[in-house]
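Dear colleague,

Please find below the structure that I am handing over to you. My notes on it follow, arranged by topic.

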Amino acid sequence: MQEVIMPLGRMKALQPPSQVPLRPQVNLCLLRTNRQICNEASSMLYSRSCFYVSNPNRTLEWLTKLADDNIKRLRSLRLVLCEFSDESPFCKSQKVAWYQLVHFIASKAIGMRRLLLSLHAPSAGRDLPLLEALGGIRSVQTITLSGYYQKEWISYLTKEGIKVDEEERKERDWQALKSYQTDIKEVGPRTPASALD
């Protein structure tokens, strides 16, 4: 499966970074040939590609411009959360945008089967509303986790009927995850806020 990155409205295909550092462009001119070719090519593009998402605002804008049929054809997304906290107005707005994106995916992308979730912002791995929103994407069969997240994420998503995989990582990365998980308060999803005090 190839990943497609969407910076500034342009589409680029890329291999996973561990395999090839080059990012050749996907030529979408074929979609403009005629309606039949557009429908057939769109079906292949949206159902056979994994779309790389690191900017929730741009992604929401892109998704709202897509035809409903193409949104339903989406099968795989890689969500990369790098900025996710309440420390600055920008980060707060990014956090809200991630919630909106996940809710949009849950309601419109009914063909979604796989999410690859890269939690590079440690605060995202502690965010219970985000976890609950992810559990609400009923069409997803598998979520692959990487980065930093609570131990409870796996059991919660499994209870919601979603298969959870952990992305392969080097030994030092496993050590960093284990350290992160032992440094935080162990709270599960839907824990009342009063219990966190």
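Predicted model: local features only at pLDDT ≥ 70, side-chain atom pairs only at ≥ 80, totals over all residues.

Aromatic pairs

The structure holds four aromatic pairs. In one of them, the ring centres of phenylalanine 51 and tryptophan 62 are 5.2 Å apart and the planes stand at 40°, so this pair is tilted. Because phenylalanine 51 belongs to strand β3 and tryptophan 62 to helix α2 (residues 56-65), the pair ties together parts that are eleven residues apart in sequence. Phenylalanine 51 and tryptophan 62 are both buried. Together with Tyr46, Phe51 and Trp62 form one aromatic cluster.

Tyrosine 148 also takes part in a pair: the centres of its ring and that of tyrosine 180 lie 5.2 Å apart, with the planes at 55°, and the pair is therefore tilted. This pair links distant parts of the chain, 32 residues apart, with tyrosine 148 in the loop between β6 (142-147) and α6 (152-159) and tyrosine 180 in helix α7 (residues 171-183). Tyrosine 180 is buried, at a relative accessible area of 7%.

A further ring is that of tryptophan 174, over which the charged end of arginine 169 sits, 4.8 Å from the ring centre.

The nonpolar core and its strands

The largest nonpolar core comprises 43 residues, and Leu79, Leu130 and Leu134 have the most contacts inside it. Helix α4 (residues 89-108) contributes the most to this core, namely six residues.

Valine 53 has leucine 79 of β4 as its bridge partner. Strands β3 and β4 (residues 76-81) pair in the parallel sense, over four bridges. Strand β3 (residues 49-53) is largely enclosed by the rest of the structure, because four of its five residues are buried.

Aspartate 127

Aspartate 127 is found in the loop between β5 (114-119) and α5 (128-135). Aspartate 127 is buried, its relative accessible area being 7%. Its side chain and that of tyrosine 99 are joined by a polar contact of 2.6 Å. Beyond residues up to four places away in sequence, aspartate 127 touches Phe84, Lys95, Tyr99 and Trp153.

With kind regards

Key
Residues numbered from 1 in each chain as written. Heavy atoms only, no water. Core = buried A, V, L, I, M, F, W, Y, C linked by side-chain atoms within 4.5 Å. Buried < 20%, exposed > 50% of the residue type's maximum accessible area, 1.4 Å probe, protein only. Helix = DSSP H or I, 4+ residues; strand = E, 2+ residues; numbered from the N terminus. Pairing = 2+ DSSP bridges. Polar contact = N/O pair within 3.5 Å; in protein donor to acceptor, adjacent residues only side chain to side chain. Contact = heavy atoms within 4.5 Å. Phe/Tyr/Trp six-rings, centres within 6.5 Å; stacked < 30°, edge-to-face > 60°. Lys NZ or Arg CZ within 6 Å of the ring centre and 35° of its normal.
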